[in-house]
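Okay, thanks for coming, everyone. Have a look at the model on the screen and I'll talk you through a few spots.

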Amino acid sequence: MAEAHPVGFQWVMEAKKRGAKVFHVDPRFTRTSALADTYLPIRAGTDIALLGGVVRYILDNELDFREYVLAYTNAATIVSEKFADTEDLDGLFSGYNPETGSYDHASWQYEGQEGNTTVRGTGKERDSASGLEHESHGEPVPAQTRRDETLRHPRCVYQILKRHFARYTPEMVARVCGIPEEKFLELARAWTENSGRERTGALVYSVGWTQHSVGVQYIRTGSIIQTLLGNMGRPGGGILALRGHASIQGSTDIPTLFNLLPGYLPMPHHADHPTFDKWVDSIRHPGQKGFWGNSRAFAASLLKAYWGDAATPENDFGYGWLPRMTGDHGTYQQVLNMIDGKVKGYFLLGQNPAVGSAHGRAQRLGMANLDWLVVRDLFLIESATFWKNSPEIATGEIVPEECRTEVFFLPAASHVEKEGTFTQTQRMLQWREKAVNPPGDARSELWFFYHLGRVLREKLAASTKPRDRALLDLAWDYPTHGAHAEPSAEAVLREINGFDVATGRPLNAFAEAKDDGSTAIGCWIYTGVYADGVNQAARRKSRHEQDWVAAEWGWAWPANRRTLYNRASADPEGRPWSERKKYVWWDPDAGEWTGYDVPDFEKTKPPSYRPPEDASGPAALAGDDPFVMQGDGKAWLYAPSGVLDGPMPTHYEPAESPMRNPLYGQQANPTRKIYEHPINRINPSPPEPHSEVFPYVFTVSRLTEHHTAGGMSRTVPRLAELQPEMFVEVSPELAAEVGLAHLGWAHLISGRAVIEARVLVTDRLTPLRVDGRIIHQVWLPYHFGSEGLVTGDSANDLFGITLDPNVLIQESKVGTCDIRSGRRPTGPALLDLVGDYQRRAGMPPDRKVPIVTTDVLGGENAAGSTDEQTPEAAARDGEDHA
Amino acid sequence: MGLKTFIQGWPVYRQLTGTDPLGRGAAAQSARSAELTARTETADGVARSVCPYCAVGCGQRVFHKDGRVTQIEGDPDSPISRGRLCPKGSASKSLVTSPLRQTKVRYRRPYATEWEDLDLDVALDMIADRILAARDETWEDVDDEGRPLNRTLGISSLGGATLDNEENYLIKKLFTAMGALQIENQARI
Amino acid sequence: MPDANSLYGPLDPAPDAGWEAAPPRMGFFTDTSVCIGCKACEVACKEWNGVPDSGFDLLGMSYDNTGALTANSWRHVAFIEQPRPAGHRTPPFAGDPTGPAAGSPASAAVGAGTATDTGTNPGLPPGRPESAARMSTGPEFLGMPGAQPPGRGAGAESRSDFRWLMMSDVCKHCTHAACLDVCPTGSLFRTEFGTVVVQEDICNGCGYCISACPYGVIDQRKDDGRAWKCTLCYDRLGAGMTPACAQACPTESIQYGPLDELRDRAAQRVATLHERGVPEARLYGHDPTDGVGGDGAFFLLLDEPEVYGLPPDPVVTTRDLPQMWKRAGLAALAMAAATVAAFVGGSS
């Protein structure tokens with residue numbers, strides 16, 4: 001956090017000043033570790049084992065915040081007797097289908113609900129990354145469930161959780177993570193001691209958790225701990241995702257993502273959502289509790305905002321015009337399709353995949369095989385110049401005279417040259433005023449897309465093709481101003497907020513959304529940002545003039561609420577858990593919820609409220625159901641559906657690991673998304689042979705001095721001079737083992753690429769003792785590329801493409817490699833070196849990655865666990881195929 | 001300037017007659033130093049802005065004069081950042097005023113080895129033509145079973161996490177209306 | 001006439017330099033115990049003061065690629081990787097299979113020894129014995145950025161104890177500033193805030209100040225020959241603003257304010273740290289009776305000053321100047337008076 005979000009770290013320092021204890025877990029000792037009370041070096045890719053150890057510690061010692069857990073979580077809920085755990089199935093859950101590499105969730109359901117799930121095989125859900133839309137949905141579960149309030153029923157969630165994590169002992173944590181037992185116990189003790197009525201603990205993570213083939217489950221494990229300890233919805237608690245781009249939260253809420261529409265409405269699927277009604281019902285799950293019950297109004301209002309007068313109840317508001325998903329259309333699938341010649345044109349909008357995405361070579365080769373590419377950026381980034389200045393030019397894989405891609409580079413306006421809102425990492429929108437005009441041809445994206453739409457509509461004006469109606473009927477009349485006819489960002493924000501169609505009055509809250517076409521809302525969760533016709537995101541009341549919640553600075557979705565689920569900051573009767581930790585509470589005299597923040601609850605629903613049996617939607621939420629977006633109003637320690645790779649987190653080894661999984665026969669996530677493509681060769685891991693060809697674990701991350709792919713930092717001398725060169729950090733022990741000298745050169749080889757870097761030998765890296773072996777890890781910054789004031793090889797070139805099944809995010813925080821002293825070869829010799837490693841490791845172009853590595857399923861599905869070849873035989877195989 | 005003033009302004013005179021006989025302080029202050037003012041004081045205006053780098057959302061004050069950014073620093077009023085900025089946020093003025101910034105459209109013809117100039121309006125028009133061509137060439141009306149698809153998989157887009165909400169909204173709206181499904185950003189990465 | 005004390009010993013420098021009704025003396029207190037090494041101070045300083053870049057060189061001194069305070073770096077963050085216990089209750093690498101402490105020439109051999117049971121076994125050849133042997137005999141193991149002064153760190157058994165110190169260094173704005181005292185042009189002067197500033201319109205690049213500085217702070221810029229250093233943002237101070245570095249500092253490691261207040265705050269901070277089990281916390285440059293009369297920019301350190309590259313006992317290099325002046329002064333004054341007379345006469 002100090003490393004990549006230094007200004008946010010001031011609040012950790014404030015907490016420290018007040019006596020908080022700070023633990024930092026990271027494969028390398030960073031600037032955060034330097035200020036933490038305790039630092040735990042960890043083997044990259046093993047966080048679930050560590051966190052699972054904490055879960056076990058809590059449950060074994062009954063250190064959970066029992067009142068909170070009983071009232072606010074599904075700990076007491078009884079699960080189907082058909083459910084079988086990873087304990088029973090050697091690392092698989094019940095319902096696994098080896099053909100599709102995915103689960104049927106029926107057996108994971110609550111008791112009596114096994115037939116209720118609409119989702120059978122989840123391979124399709126994986127392809128559409130529907131885990132991401134469940135970021136705020138909650139999945140179909142019934143409002144009323146069978147519970148055992150004593151938590152003794154062998155199939156209640158509490159007991160299932162206890163059995164599931166029973167193996168995650170301190171010894172196992174040490175074996176898997178390389179964290180000595182005493183240190184683990186120090187963490188577990190401190191975490192649990194800061195729990196209960198008087199105390200809370202906060203958890204902060206970043207892409208060190210998300211960029212894994214089991215990434216969502218990392219965060220799930222953190223959620224389980226925070227829920228067991230009663231840290232959710234309370235001040236000083238929670239889970240904070242530190243996101244890395246100015247509006248990455250905004251670009252998820254108003255998604256430039258293939259599977260989502262604004263406000264986490266799913267992009268329709270061709271088979272599942274044939275009609276508007278089916279689409280809406282798949283979101284609101286009739287009969288279920290919670291605020292998704294109103295999704296028909298949100299969906300109708302979005303389409304009304306898109307198509308204006310042309311969207312009517314009669315034509316389902318233009319639902320038929322929406323493009324349909326048929327499977328995985330994510331960025332990595334797109335890149336492979338580019339290589340295969342299936343994509344004609346590509347827009348890059350302030351993004352530099354040649355450096356910033358996994359498998360840089362695949363990214364660049366994909367770009368070199370387009371008809372046209374539009375790059376909009378401040379600088380000539382690597383993704384704009386791949387055709388003349390990329391590693392593939394040197395190797396001869398891209399020859400400018402033979403590369404057909406037509407490239408348009410359009411200069412972009414900077415953040416001070418346009419107005420608009422960013423949504424920061426705590427869901428807060430802040431309006432930026434414009435300071436100066438953009439230089440030359442530089443324009444905002446608002447300008448570019450508004451005028452692109454205008455030109456497209458002009459060109460199609462005479463068209464009678466049905467496919468063009470969606471463009472021609474689009475509500476695309478935004479007021480413009482100035483010499484360049486810049487569209488009004490405020491007008492767009494008003495549309496995002498939503499308005500009454502008849503009067504144009506901006507809506508104040510999403511409760512005003514209607515499903516009859518009388519309201520138009522661009523993004524329902526943002527309704528209220530223009531409440532009372534005022535740009536609430538532009539509020540700048542000084543922190544000195546308001547309380548610590550600072551509710552009058554900017555605007556946070558939903559409803560300017562700063563802490564989600566804050567009903568949980570009060571006990572079931574609505575009283576603060578303690579005076580120290582009071583935040584939102586029930587005022588019986590006034591008959592309403594009140595407190596420092598906007599209560600995340602219906603304002604006048606008393607704690608004693610119990611819904612009638614047939615209630616659904618918000619009305620079905622009891623007065624002590626704080627988790628108002630969940631189908632049962634409870635926080636989930638066990639997820640009966642919605643998480644595709646299991647109802648509970650399980651430690652799997654990364655897709656590339658030098659180790660056999662010490663916990664189960666199942667080596668890696670059995671549902672991970674794999675692309676078997678000749679360019680995407682995955683290094684072998686046990687139980688496959690030859691993993692020793694890539695003996696070292698590498699991980700990448702940011703430096704304080706640089707930003708992402710470097711487009712905004714390697715171009716700025718003030719930053720470039722602070723970290724002027726690509727380097728690799730190695731421990732003294734590894735340096736000695738491999739023969740690396742401080743400030744000398746090393747090159748790193750994976751099954752995809754070889755890159756070189758200057759060597760920093762440092763005490764901040766340590767070997768780890770893991771399962772009786774010593775594992776060396778190296779660390780690299782991923783900021784470097786071939787353009788800018790300072791250049792260097794790109795660390796992301798080393799990665800292959802393997803994705804988390806829930807959100808299709810790539811595993812780019814851990815991989816295996818070899819490291820050698822000296823500079824890498826250049827030209828064709830570089831390809832020879834990679835090819836040589838591929839041959840030695842048995843990685844032919846058509847290599848099948850074994851998914852199931854346990855024989856629990858029996859017979860032929862146990863691929864990989866028994867077919868160990870001799871290295872010689874495999875090497876021969878490799879040569880035959882290479 | 002009268003002679004008296006001139007002489008009084010002379011450091012040695014001030015040193016001999018003033019309170020600073022060693023000439024190390026008040027007497028040594030140069031005319032430039034005496035007139036020095038912070039350029040934030042003489043700015044034409046200040047825009048309340050937000051740092052463009054990570055997602056912490058630190059407040060920035062952007063000072064400008066004669067249409068140029070003259071200083072960017074932390075906004076002390078912000079409850080998020082309390083006026084502080086990291087090295088990247090502190091370098092924001094250099095970022096936006098960088099001489100390396102491209103301010104002209106660049107165009108690379110297929111098989112070319114160098115960039116060319118291109119008029120912005122022409123570029124916009126050419127891009128629109130290419131979108132329509134790619135769309136026509138790859139359009140899918142229905143699937144094998146006759147269910148609607150309404151889409152093109154011939155167009156991709158990546159980016160948005162560094163852009164404004166309003167921009168992402170228009171991007172998604174336009175691409176969706178044209179049937180372009182393959183719209184992605186850093187949130188997937 | 002000034003008394004001899006004004007070149008040595010405790011003093012309020014602005015009134016001493018002729019500022020009537022001077023504001024309180026302003027300065028920096030840099031608390032290195034909360035520094036996160038982000039270098040915002042370096043960048044904010046350069047942005048405000050228009051300081052050029054200082055070269056794009058990887059120095060390998062941990063994360064320090066600035067190297068030193070120079071004409072083109074008025075703030076400099078030092079990084080020290082050290083095999084010593086820190087404020088951590090648990091040593092960072094306790095229980096990990098680490099070799100001997102960094103800086104120990106023998107560690108290479110141990111590192112090579114670990115190869116027998118690493119991931120390379122079975123498979124690729126383990127560590128190269130010849131390079132391990134070469135390194136184990138060398139005077140400096142791998143050129144590690146240990147940054148310890150000679151003799152420190154060699155005694156540690158293993159490197160399980162480790163800490164990473166960071167410190168943002170800056171011009172000390174000494175109470176008795178030798179740079180100022182030796183400046184022949186009056187370019188260097190004492191401001192009303194008690195700070196020491198080079199006036200770029202006066203400096204002629206003679207360079208006397210450079211050798212006079214007991215801290216090695218002030219430096220000449222190669223292209224223009226003039227001397228440059230921290231001005232404590234003299235222009236911002238005049239406008240009632242905070243210097244750019246202190247304004248940016250995310251964790252309030254750099255604090256700006258009236259020196260008296262800062263000294264009180266610093267004393268309290270040291271006491272707090274001592275209570276919390278950080279006995280090594282100490283102040284540097286805070287003492288008005290030290291060799292430079294106390295610094296306008298002083299520090300809280302977690303180790304000896306030398307570890308951070310600071311002189312342990314700086315003394316103003318012009319300490320003995322009054323004695324010299326007694327001989328030279330009269331002559332100089334007489335000459336100056338003659339010059340004034342000639343000037344007035346010639347103009348009337």
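Predicted model: local features only at pLDDT ≥ 70, side-chain atom pairs only at ≥ 80, totals over all residues.

Residues are numbered from 1 along each chain as its sequence is written, and chains are lettered from A and ligands numbered from 1 in the order in which they are written.

Let's start in chain C. C:Gly60 sits in the loop that links helix H2 (40-49) with strand S2 (75-82) of chain C. So is C:Gly60 buried or exposed? It's buried, because it has 21 C-beta neighbours inside 10 Å; the cut-offs are 20 or more other C-beta atoms within 10 Å for buried, 12 or fewer for exposed, and partly exposed in between, with C-beta atoms placed from the backbone. From C:Gly60 to C:Gly285, 225 residues apart along the chain, the C-alpha separation is 28 Å.

Now chains A and B. Their contact involves 131 residues from chain A and 100 from chain B, counting residues whose C-beta atoms, placed from the backbone, lie within 7 Å. Strand S11 (residues 406-411) of chain A runs antiparallel to strand S4 (residues 106-108) of chain B, with three bridges joining them; pairing takes at least two bridges found by DSSP. Within that pairing, A:Phe408 faces B:Tyr107.

Last, confidence. Chain A has a mean pLDDT of 94, with 95% of its residues at 70 or more; pLDDT is the predictor's confidence in each residue, from 0 to 100. Over residues 860-882 of chain A, though, pLDDT is below 50.

Definitions and conventions
Contact = placed C-beta atoms within 7 Å. Helix = DSSP H or I, 4+ residues; strand = E, 2+ residues; numbered from the N terminus.
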